[in-house]
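Student: I have a structure open and I'd like to learn how to read it. Can we go through a few features together?

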Amino acid sequence: MTTPRLGFIGIGLMGDPMSRRLLDAGFEVTVWNRTREKCRPLHEAGARMAPSIAQLVQSVDMVMLCLANTDVVEDIVFGEDGVAAYGRQGQCLIDLSSSDPAATREFAERLEKSCGMHWVDAPVSGGVMGAETGTLAIMCGGDEADVETVRPLLAPLAARVTHMGPVGAGQVTKVCNQMIVGCQVAAIAEMVALAEASGVDALRLTEALAGGFADSKPFQILTPRMAASEFDNPAWHLRTLLKDLDMALAQSQRAGSATPMSGLAAQLIRAHASHGHAEHDPATLVETYRHRT
């Protein structure tokens, strides 16, 4: 069986390490990014650099996206000289971005009608470290045959690939993931500030609570950063978490399902972001609760 040629669009915090893992797994990878210079380190590592989306799509068998949000996905796929203009029957688009579930279903229909390409939504969880180590959790939506086709391509990236249902189901699952993460971020910020205000060394919280019911990845990552006020070089940004929580609220309205905790977390994070923290580490939320002297 011929190894499929892969195109990867979106070379950012997650796209760069994911592309590297695909290269290391022996795939031929062609990359494209709006800021072309971000592709050069991958080119030096063995990737091909496409001068345009058109040339990338025409030279590969599968197209992968890892983009900032739903609007960017739509622009890259359906904008002038986008993926849809050059896609062909037999190709599959694998969207690793976190996008709106309803929009994803609409995009999949538009893309197939436009050029015959199929769509698999495959959002990821695990952050930059997970991308670097190939231990991401990937939740897929799409036709079962399409998901099975792309599963070997996702294997170098993930500890687990789960087919959740038809197109859009992967994005709903990622929304559920982010609801838990967002609520945890808000609660951890309150908790660290309370410990400090009560005279407890917040730097020891992760040691004290390790293995208990309160333990979690967000707890392990965010608590030390909050306690030490180490906010430089964030692996993710407050605006990204807020975007995901807003998608959760939109999905809750469509489904008629109440999400009061996620709604409160979104508003707390929105208030903090509005004071100039949108591009900062979510750990900075602890500053909202610290006593000022």
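Predicted model: local features only at pLDDT ≥ 70, side-chain atom pairs only at ≥ 80, totals over all residues.

Student: Which helices do the buried residues of helix 12 pack against?

Tutor: They pack against helix 4 (70–78), helix 6 (101–115), helix 9 (169–197) and helix 13 (260–277). Among the buried residues of helix 12 are L238, L241, L242 and L245, and also K243 and D244.

Student: Now the rings. How do I describe a pair of aromatic rings?

Tutor: You give the distance of the centres and the angle of the planes. A search of the whole structure turns up two aromatic pairs. Take F78 and F107: their ring centres are 5.7 Å apart and their planes are at 55°, so this pair is tilted.

Student: Where do F78 and F107 lie?

Tutor: F78 is in helix 4 and F107 in helix 6, so the pair ties together parts that are 29 residues apart in sequence.

Student: Is F107 buried or exposed?

Tutor: Buried: its relative accessible area is 2%. F107 also pairs with W119; here the centres are 5.9 Å apart and the planes are at 45°, so that pair is tilted. This one links distant parts of the chain, with F107 in helix 6 and W119 in strand 6 (residues 118–121), twelve residues apart. W119 is buried as well.

Student: What do F78, F107 and W119 form?

Tutor: One aromatic cluster. There's a charge to look at here, too: the charged end of R110 sits over the ring of F78, 3.9 Å from its centre.

Student: Speaking of charges, what about D146? Which side chain of opposite charge is nearest to it?

Tutor: That is R151, but it is 12 Å away. D146 is buried yet has no salt bridge. You'll find D146 in helix 8 (residues 144–154).

Student: Which residues does D146 touch?

Tutor: Leaving out residues up to four places away in sequence, D146 touches H118 and V120.

Technical notes. Residues numbered from 1 in each chain as written. Heavy atoms only, no water. Buried < 20%, exposed > 50% of the residue type's maximum accessible area, 1.4 Å probe, protein only. Helix = DSSP H or I, 4+ residues; strand = E, 2+ residues; numbered from the N terminus. Contact = heavy atoms within 4.5 Å. Lys, Arg positive; Asp, Glu negative; His and termini not counted. Salt bridge = Lys/Arg side-chain N within 4 Å of Asp/Glu carboxyl O. Phe/Tyr/Trp six-rings, centres within 6.5 Å; stacked < 30°, edge-to-face > 60°. Lys NZ or Arg CZ within 6 Å of the ring centre and 35° of its normal.
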